[in-house]
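Reader: Please take me through this structure and say what each term rests on. I would like the values set against the cut-offs.

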Protein chains: 2
Amino acid sequence: MENVTCKGFKTAGVASGLKKNGEKDLGLIYSEVPATVAGVFTKNLVQAAPVLLDRERIKSGKCQAVIVNSGNANCCTGGQGKLDAIAMTRFAAYGLAISEELVLVASTGVIGQGLDTGKIEAAMPELIKVAVPEGLDDFAKAIMTTDKVPKVVTQQGVMEGVPYTVTGVAKGSGMIRPDMATMLCFVVSDIKISHDLLTEALLAATDKSFNKITVDGDTSTNDTILVLANGLSGATVNNPAQKESFQIVLDEVLTGLAKMVVKDGEGATKLVEIVVKGTLSDKDAKKIADTIANSNLVKTALFGEDANWGRILAAAGRAGVKIDPYKVDIFFDDVMIAKEGMWCGEKAEEEAAKILKRDEFIISIDLNMGQGSASIFTCDFSVEYVKINADYRS
Amino acid sequence: MENVTCKGFKTAGVASGLKKNGEKDLGLIYSEVPATVAGVFTKNLVQAAPVLLDRERIKSGKCQAVIVNSGNANCCTGGQGKLDAIAMTRFAAYGLAISEELVLVASTGVIGQGLDTGKIEAAMPELIKVAVPEGLDDFAKAIMTTDKVPKVVTQQGVMEGVPYTVTGVAKGSGMIRPDMATMLCFVVSDIKISHDLLTEALLAATDKSFNKITVDGDTSTNDTILVLANGLSGATVNNPAQKESFQIVLDEVLTGLAKMVVKDGEGATKLVEIVVKGTLSDKDAKKIADTIANSNLVKTALFGEDANWGRILAAAGRAGVKIDPYKVDIFFDDVMIAKEGMWCGEKAEEEAAKILKRDEFIISIDLNMGQGSASIFTCDFSVEYVKINADYRS
């Protein structure tokens, strides 16, 4: 949030005891007035109780508060899980003196264990008490699981001379994959916009951001993106041109957060954009980009800073798309490492090795067959990823 | 091979210098008479030069020798790669005084670097000289890359009172995935069988073995299974009943090798069978089994000996198959850890924890929707896997 805050929002994060290590694990977003809301949820058929509840409530198009816990995903918890999700919203609604129907909820953490709502109920008065306009950093910390850093992006826009703010916060950092929201992302804005236009803008922004990242090819049961717009800045979206102007600001916030999620992917040391072009269709390009971005052999080579373009080509070859290996060019940033499916030699290898040492770079694959293209952000796959995920529940 | 050998075959493995560490890297299989041959090759569109050559030559249905190198995959090597693959068969044919067309070839190792055929030519006389009926252990070592152990399985059968032998050798141990042959597998037998029946038997055996294993979800550019049958035992397959009898023996050899490949998967510490049942179709079951078996989050949890059934259910939920999470039962061996999508409690957790410590166990998922079923072998995903694949080319 830095020195900019969205008008009329208060946020907070406290430790309720759900996380065994005593760190912050309960977060609140509250708007002084009911806000317009739009949401995107996981496509996994196994969906956590809070996702199921939000899907129902969001139909009203209105939301005044979001309550989020980390440490327990409240997923695979059956009928009791649903009751627990409702209870979380009830505790918040009671403390805030608003309707329960105006409260949405999200959870992240371990799957398959019952949620201790007693801890949440006990912590609620304190959570509401400490909520302030500048509380988003605390909120960002409260929703982290294996994330190393809190993720907050703020952008300002101007509509008909009236300034407004869009601030987003997200948490990763495993179970990230395209065609999913990230695990959790919350965006607040003081712009005024209709539910339909906000939904349209959110879907478009998600396609350009969270649907273009991958960490480990797994997908979460809890993925949720919520956008709340309370209109208190006075800036208003009334027509398509204004919606496009707002879209640019929203895109920047979501794209910024999506990149932060990949960069802070479990065990990740590098942020790599995979750009595929020259395919017969964009769909083909997306399939190839997705296969390369999720290949364990490619990702471990990136961790090893090894310009192993053969693994990239091999991944392209199994993407289920017709390619001609003898036409494929591969680049690390601007260094061509393979031309027409063959190695460019020692000098190129040396240049590529330098690129591979960077924290961020682009791998481009040109199929030289047509005009299709696609891109996706991925990270490398490290020893640390395995350690994190082998020990996660202990 | 133990104390049983296939009549009329000689095998050998020597060090030609392709492997930097000086280990064996060149192997030969030679039959005293031309053998009937059948083959299965990679479905990756990027195919190594030896695979392209073998696909052509195997159409004759006859083969008398197979020359194999490790240390270099001769893949993504363009027109020169094809010439190099032909050269390998020519060196062998010359030394053995047989037709070049009767020699097949396979390569495994790094992709995208030119093959030093000079080393192979220089080592050929020695390789041919040391070939003996008991040489298969040396051959098995010569085709290893990151494999920790050589993989040889021998079975004997009897046809109309005449005994015969089937011996297979395989190497893994990354880039393994269903619907692919393993990286390399060679089977020799002294049975007499037609090319058509041998091909039919090989396809059936592959479906039950190498098409049911996964290590890391990647697929090789070089995968090859070859079966040579030279008929020198006197046992003959003439009719469907006899083919079925031979099928059982061949299945045992390939299934045995496939399990050894998973067990020796890169960095693997556990061999786990994923059994999915109760789906609407076998195809649905296969999709779910494949998704679970390739989930990094499931596989790292197996490495951590963590009975994290939530990750198993979450993987099932993203398999692209309609499921009802509230009907799913999950077992580790005979311990039910989740019933109707919910945790079975502390006692089940304790029992499951004991199963997870085993080297081999079964994870069963019952969708309780229909009669479909499928199974697949996978391994855990360890810190060692990442280390192996980050450093592979250095």
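Reader: Which residue in E11(B) is the bridge partner of Phe331(B)?

Author: The partner in E11(B) is Met336(B). This is a predicted model, in which local features need pLDDT of at least 70 and side-chain atom pairs count only at pLDDT 80 or more, while totals for chains, interfaces and linings use all residues. Residues are numbered from 1 along each chain as its sequence is written, and chains are lettered from A and ligands numbered from 1 in the order in which they are written.

Reader: What makes strand E10 and strand E11 of chain B a pair?

Author: Pairing requires that DSSP finds at least two bridges between two strands. Strand E10 (residues 329-332) and strand E11 (residues 335-339) of chain B have 3 bridges, so they pair, in the antiparallel sense. Strands (E, at least two residues) and helices (H or I, at least four) are DSSP runs numbered from the N terminus.

Reader: Why are strand E12 and strand E14 of chain B called edge strands?

Author: The open sheet of chain B has 6 strands in the order E12-E11-E10-E13-E9-E14, with mixed pairing. Strand E12 (342-343) and strand E14 (372-379) each pair on one side only. Helix H10 (residues 346-356) of chain B packs on this sheet and touches E10, E11 and strand E13 (360-366). The direction of H10 makes about 125° with that of E11(B), where axes are lines fitted to C-alpha atoms, for helices over the stretch in contact, and angles run from 0 to 180 degrees between N-to-C directions.

Reader: How do you know that strand E8 of chain B is largely enclosed?

Author: A residue is buried if 20 or more other C-beta atoms, placed from the backbone, lie within 10 Å of its own, exposed if 12 or fewer, and partly exposed in between. In strand E8 (residues 224-229) of chain B, 6 of the 6 residues are buried, so the rest of the structure largely encloses the strand. One side carries Thr224(B), Leu226(B) and Leu228(B), the other Ile225(B), Val227(B) and Ala229(B).

Reader: Which strands pair with E8(B)?

Author: Strand E2 (residues 26-41) of chain B pairs with E8(B) in the antiparallel sense over 6 bridges, and Thr36(B) stands opposite Ala229(B). Strand E7 (residues 184-189) of chain B pairs with E8(B) in the parallel sense, over 6 bridges; here Cys185(B) stands opposite Ile225(B).

Reader: What does Ala316(B) touch, not counting residues up to four places away in sequence?

Author: Ala316(B) touches Val46(A), Ile288(B), Thr291(B), Ile292(B), Ile323(B), Val328(B) and Ile365(B). Of the 269 residues in the largest nonpolar core, Ala316(A) and Ala316(B) touch the most other members.

Reader: How many residues of chain A are in contact with chain B?

Author: 52 residues of chain A are in contact with 52 residues of chain B. Helix H8 (296-303), helix H9 (309-317), strand E12 (342-343) and helix H11 (383-390) of chain A each supply at least two residues of the chain A side. H9(A) gives the largest share, 7 residues.

Note on methods:
Two residues are in contact if their C-beta atoms, placed from the backbone, lie within 7 Å. A nonpolar core is a set of buried Ala, Val, Leu, Ile, Met, Phe, Trp, Tyr and Cys residues joined through C-beta atoms within 7 Å.
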